[in-house]
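Here is a short report for a reader meeting this structure for the first time. Keep the sequence and the 3D view at hand while reading.

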Amino acid sequence: MHPEKKQIQETLRQLLAFATARGIVAEFWLHAEHSALMRFANSAISLNTTEDALTLSVTAHRGNALGSYEVTTNITHLDALQRAVLAADEIAQHAVPVSYARRFTPMQPLPDDDAAFDETLCALTPQAMLAFVQDATRGLLSATIQLSGMFSCGGVWQAAANTLNDTVLYHAATDANISVVLSHAKDKWELQATQSATSRRELDPAAVRTPLALLLEQYQQAPQVQLTPGQYAVVFGADALADLVQFCAHTGFSGGNCKRQLTFLKEAQLGQKVFADTLSITDDPTARATFPYAFDVHGHARRPFPLVTHGVFKAFMWSRDDADEFSAQETGHSVPNLSFVVAPGTQRIATLAELLAMPRKADLLYIPHLHYMNVVNETEGIVTGCSRFGALLLRADGSIAVPFNVRITEKLQNLFGTIAWLAATCTAVNTSGTYGRRTATAVMAPAFTQVNNVSITHANPSF
Amino acid sequence: MNDMRTRLRDEIARTIRRGASYVDVRYYPREDSEFLLLMQGNLKAVDQSSTTGLGVRVLFKGAWGFAAASSRDAVAAVFEHAFANAEAAARLVSWPIELAPRTPVTARYESPCAEDVFTIPLHDKIAFLQQIDQQLTHPRVAQRITHLFAVTKTILFLDSDGAEIEKTIHEVFAQMNVVGVEAGGMSQTRSFDLRNRGQGTRGWESLRDPARFSAHAPRIVEELCQVLDAPQCPKDERAVILLPGIMFLQTHEVIGHALELDRILGYELSYAGGSFVRLEDFGRLRYGSEKLTVRADATLPNSPGSFGYDDDGIPCQSNVLIDQGMLTSAITSRQTILEANKKAGRQIFSASGGCARASAYNRVPLERMTNINIDAGRDGTLDDIVRTTKRGIVLDGARSWSIGSNREQFHFACDIGWLVEDGVKKGVVKNPTYGMNTLPFWRALSAVGDATTSELVWVPNCGKGLPSQAMFLGHAVPICRFDNVPIGR
């Protein structure tokens, strides 16, 4: 039921003409999506959904006053879309101007950004999703080991335009976000393996099954242990590291939030070493696996943007509105998602099996996933969250134990400042939320990262 | 609407003829929302939206299929997709879904609203926020943030059992927030949300009542200034006395979520998590001290957790979940109680608790909190509770929260704390935090304030489910004290 590219572009041009003819100054962002999500629980498909939706967002400008109106409807309902243009302008008329000058620039022509679109992934059938999950869990399920998880896939078709010219920028992409969870029917522990894909050919159930099977073997055989709170050397899996890096977006790298006194990184630290030498983070829209955008919602072309290079803080990210308010230069960060890429390290450990076999001189706590992370204090950079989905205690003597879940409460500066090593192999971690519109997001992160001196502040006495 | 009603009825009948055992549809002819954001006196956002759409749920051979579209023209296609999705889901069924019986009703419901926010001129709403912004202006306040969020939606619910319910729901939420910076560069924050006591109406008039919102502006500025000069919260073990501004979240996270029956049955394991509660615990588990009685009460006249009829078509109701500390019931819907009873080998639940709700046309109904409330106690006012506290800390403001995946433990950070020594409330401390395992915490409940201390806090952002949903609900909670809780960690 999704609209065609030509239909989207033509509709936006009609709306540009409609607005221009009425002297309305406005920006447009059109979003159409097809989403499918199959959810699993208790070794069954607990829900199988599809959704088709289209939303037009119009932001009208009256000097430094803005008004926004969003309509969710069908692309053929041109009258409803036109009413949204009038409504946005009506709001802008009654809005109060901000105290700073707002930038409004013509869209620069850019090639259509739809090379990553894969119709076969967008149209993946429920049967294919089920087959993937069955392959990924073959031989692992039983009366006590049950299947949970989700297979989400779909596509978006988006376009941006404004009334300063008739350029319509177009973006289309597909994505899959797969989480396969094995849970113990009575002991209340869960194991997880995830996969992110931009096209159908990237789907690989064996890559999900292998780490799941190994984790399951450990959880069924190794002794369970309650840890003592204290300082631990922790090996974070790619999922956990991606979560931590994403927390830096608002509490570290946002220029607007820095000016609002809500970040742990400060302007005075630009050009200074803030993290370990081994850590480099870039917002890289050329990294296909991160579902990147070639332009932001204002039509600003996006380019690789180094944030941290060998531990040195290089730059804040600026959305247009924040840049306008604080007299800074916008950096193409008025965007539906970010494309964080953490540079690989040199440690030759690519798989969980290799991590378990790695010689070690001290105990290592492996945490593949962090649950319910939150910021305790923004300017101190303190975050807290719990281990989940398959933590292991890798003892110095080579033995392995299964720890009950623990809570980490630590400063991001310490976590990123005491990195012992990063794996040489990176993986795409799908970090998409499913709350609102489909917005695929992923972080490229090393498969494993060892951080020393992590504060474990609580340890559960059981699962 | 009548034409649409007929089309939907026809499609329901056609889907039943194809073999579905149950079908329902929620049609949203219109959902309007408005969001206004004022930061540092700058009107950062004036966003309005209008949404039309329908969502169809089909039960086929014990499996759910769901489909949604934002197009009114796609009615037949949405039913077709929902049926196909259910057929596909029926290929992997471990416990066929069986809906609990109920009598289908024909009904209308409208939430109480005297002045529709959408009829108030925009400049009046902006002026209202500007007035609050002026009250928040102070040399030590580095950031002033005020926002207003309103929603009005009409939902037509039809199902294959013959139910037909039309609901119009009005919601309004507002928050004011101030940020200050200490000499050392650390920021502190203080905030207040629009709330009430569960009575009255919930339109623009609720915002205009100073006692419910604007009058709190000078107080939060004054308290922020106190925090900016305050010493660090000590690392200690003390009695914590929770004011409603944090008590609501305490109740929400480790009673509300822990007692959602779908979580207990393992249906949320891949995302939100499970629950430490087991089916064998009902009627047997001492959840808290005898002072703890908890209700899921969707019959309060005025709260986002009161909605007339749930999205299974069940009338709203009030049910005791924890009775004088003993676990008695859960947050339930038609689709889980029979499964729970069979798995438990006994009847725990006699009927749906009326808690199935979807946040939007394009989301499927799940077990969601309604108003999860704690009964007021007999331990008097805040002063009375402080007077009987040897060493404690009074806490307010939800700054940060993080919960274990089975809701078995938690960590909260608050905006402000006041130390209590020998029955006297002393000075303010900054960065107060507390955390503990869930059951020992509720069992350490040693004082529950009287009805004058109870406030109904509205929650606009309870997250759950895949695809995820942010739900509106409420918590009526008194001031409560818990003994021997680790703080400052």
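## Strands that pair

In strand E2(B), Gln48(B) is the bridge partner of Tyr69(A). That bridge joins two chains, and the model showing it is predicted.

Strand E9 (residues 236–242) pairs with strand E23 (residues 480–487) of chain B. The sense is antiparallel, and there are 6 bridges. Leu242(B) has Cys480(B) as its bridge partner in E23(B). Strand E20 (residues 445–448) of chain B is joined to E23(B) as well, by 3 bridges, and these two run antiparallel. Here Val448(B) stands opposite Cys480(B). Cys480(B) is therefore a partner to Leu242(B) and to Val448(B), as pairing rests on bridges between two strands.

## Where the chains meet

How many residues does each chain bring to the contact? Chain A gives 82 residues and chain B gives 87 residues. The area buried between the chains is about 6700 Å². Carbon and sulfur atoms give 48% of that area.

Polar links cross the interface too. The count is 5 salt bridges between chain A and chain B. One of them links the side chains of Asp321(A) and Lys44(B), with N to O at 2.6 Å. There are also 52 residue pairs in polar contact across the interface, both residues at pLDDT 80 or more. On the side of chain A that touches chain B, strand E2 (residues 44–62) of chain A gives the most, with 11 residues. The residues of that side divide into 31 nonpolar, 33 polar and 18 charged.

## A buried arginine

Arg388(A) lies in strand E15 of chain A, residues 382–388. Is Arg388(A) buried or exposed? Arg388(A) counts as buried because its relative accessibility is 1%, and the cut-off for buried is under 20%.

What does its side chain meet? A polar contact of 2.9 Å joins the side chains of Arg388(A) and Glu190(A). The side chain of Arg388(A) also reaches across to chain B, where the backbone oxygen of Tyr271(B) is at 3.1 Å. Residues up to four places away in sequence aside, Arg388(A) touches residues of chain A including Pro368(A), His369(A), His371(A) and Asn405(A). Among those it touches in chain B are Leu269(B), Ala272(B), Gly273(B) and Ser405(B).

Most residues other than glycine have a negative phi, and most peptide bonds are trans.

Asn42(A) has a positive phi, near 50 degrees. Asn42(A) is found in the loop between strand E1 (25–41) and E2 of chain A. At a relative accessible area of 11%, Asn42(A) is buried. Asn453(A) also has a positive phi, near 60 degrees. Asn453(A) lies in strand E22 of chain A, residues 448–459. With a relative accessible area of 47%, Asn453(A) is partly exposed.

Which peptide bond is cis? The bond from Leu466(B) to Pro467(B) is, with omega near -10 degrees. Pro467(B) lies in the loop between strand E21 (455–464) and strand E22 (469–477) of chain B.

Conventions:
Residues numbered from 1 in each chain as written. Chains lettered and ligands numbered in written order. Predicted model: local features only at pLDDT ≥ 70, side-chain atom pairs only at ≥ 80, totals over all residues. Heavy atoms only, no water. Contact = heavy atoms within 4.5 Å. Buried area = accessible area lost by both parts, 1.4 Å probe. Salt bridge = Lys/Arg side-chain N within 4 Å of Asp/Glu carboxyl O. Polar contact = N/O pair within 3.5 Å; in protein donor to acceptor, adjacent residues only side chain to side chain. Helix = DSSP H or I, 4+ residues; strand = E, 2+ residues; numbered from the N terminus. Nonpolar A, V, L, I, M, F, W, Y, C, P; charged D, E, K, R; others polar. Buried < 20%, exposed > 50% of the residue type's maximum accessible area, 1.4 Å probe, protein only.
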